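Subject: A structure for you to look at

Hello,

Here is the structure I promised to pass on, with the sequence alongside. Please open it first, and then read my notes below.

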Amino acid sequence: MGILSGNPKDEPMHFGEIYNVWMASVAARGSVSCYQAFSYHAGDKDLKKILEDLINQAELEIKECDKLLTDNGIAPAPVLPVRPPANLEDIPIGARFTDPEIAAKIAADTSMGIVACSTVMGQSIREDIGALFAKYHLTKTALGGRILQMNKEKGWLIPPPLQIKRPEEQ
């Protein structure tokens, strides 16, 4: 098998793996920044806890993806500036994100993250990269389940059109 045999960590990354890992790091950096701002806007304690968990997960993804990149001689994305803290009461009413808006956005982000992880898993030929994104996939799936449950419990879920009346069988 040559260059693609043995320890996957010794194998070169192909250009798709490099791009996917680099973009995952960029996306995670954006999530940390955005979710930090959302945490200043959020009033609900359950929503704040999920935001904290999403931030922690994104920080882990940044750390692991950047290590993978640097270990392979690739420069990671630039670091974003740290967002200064804000108090909910200091944010003008018209400029505030509401809890249901934040919950809908993090649900959509988590769903797209799951799809992105599946894509990277399918495109990777290095087993360690596929396994890393499988781990992220599993974590995002669990977080997505928590977000869905919270949205249902708090009445924030906006379902797509529901089929109430079913066509009669012929």
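**Aromatic rings**

Tyr35, Phe38 and Phe97 are joined by ring pairs into a cluster. Please keep in mind throughout that this is a predicted model. Searching the whole structure turns up three aromatic pairs. One of them is made by Tyr35 and Phe38, which are stacked, with 6.2 Å from centre to centre and 25° between the planes. Both Tyr35 and Phe38 belong to helix 1, where they sit three residues apart, about one turn of the helix. Tyr35 counts as buried because its relative accessibility is 4%, and Phe38 counts as buried because its value is 5%.

Phe133 and Tyr136 form an aromatic pair too, and this pair is edge-to-face: the centres are 5.2 Å apart and the planes make an angle of 75°. These two residues are in helix 4, three residues apart, about one turn of the helix. Are Phe133 and Tyr136 buried or exposed? Phe133 has a relative accessible area of 3%, so it is buried. Tyr136 is at 0% relative accessibility, so it counts as buried as well.

Let me turn to the helices themselves. Helix 3 runs over residues 99–123, which makes 25 residues. From its first C-alpha to its last, helix 3 reaches 36 Å, close to the 36 Å expected at 1.5 Å a residue. Which residues of helix 3 are buried? They are Asp99, Ile102, Ala103, Ile106, Asp109, Thr110, Gly113, Cys117 and Val120. These buried residues pack against helix 1 (15–41), helix 2 (45–71) and helix 4 (127–153).

Helix 4 has 27 residues and spans 39 Å between its first C-alpha and its last, close to the 39 Å expected at 1.5 Å a residue. Its buried residues include Phe133 and Tyr136, the ring pair described above, and also Asp128, Ile129, Gly130, Leu132, Lys140, Leu143, Ile147, Met150 and Asn151. The partners they pack against are helix 1, helix 2 and helix 3. Just after helix 4 you will find Gly155, which takes a positive phi of about 75°.

**The largest pocket**

The largest pocket holds about 430 Å³ of space. Its lining is made up of 23 residues, and those nearest its centre are Ala27, Glu61, Gly113, Ala116 and Lys140. Gly113 is also one of the buried residues of helix 3, and Lys140 is one of the buried residues of helix 4.

Which helix supplies the largest share of the lining of the largest pocket? Helix 3 does, with eight residues. Helix 1, helix 2, helix 3 and helix 4 each give at least two residues to the lining. By type, the lining residues are 14 nonpolar, six polar and three charged.

**Some single residues**

Arg29 is in helix 1. With 9% relative accessibility, Arg29 counts as buried, because the cut-off for buried is under 20%. Leaving out residues up to four places away in sequence, Arg29 touches Ile62, Asp66, Pro76, Ala77, Pro78, Val79 and Leu80.

Gly30 is placed in helix 1 too. Gly30 has a relative accessible area of 31%, so it is partly exposed. Between Gly30 and Val79 there are 9.9 Å in space, C-alpha to C-alpha, although the two are 49 residues apart in sequence. Val79 is also among the residues that Arg29 touches.

Glu11 lies in the segment before helix 1, and it counts as buried because its relative accessibility is 4%.

Lys45 is found in helix 2. It counts as exposed because its relative accessibility is 64%. The C-alpha atoms of Lys45 and Lys154 are separated by 12 Å, with the two residues 109 residues apart along the chain.

I would be glad to hear your thoughts once you have had a look.

Best wishes

Definitions and conventions: Residues numbered from 1 in each chain as written. Predicted model: local features only at pLDDT ≥ 70, side-chain atom pairs only at ≥ 80, totals over all residues. Heavy atoms only, no water. Helix = DSSP H or I, 4+ residues; strand = E, 2+ residues; numbered from the N terminus. Expected span 1.5 Å × (residues − 1). Buried < 20%, exposed > 50% of the residue type's maximum accessible area, 1.4 Å probe, protein only. Contact = heavy atoms within 4.5 Å. 1 Å grid on protein atoms, 1.4 Å probe; cavity = no way out; pocket = protein on both sides within 12 Å on 5 of 7 lines; lining within 4 Å. Points joined across faces, edges and corners; volume = space filled by probe spheres on them. Nonpolar A, V, L, I, M, F, W, Y, C, P; charged D, E, K, R; others polar. Phe/Tyr/Trp six-rings, centres within 6.5 Å; stacked < 30°, edge-to-face > 60°.
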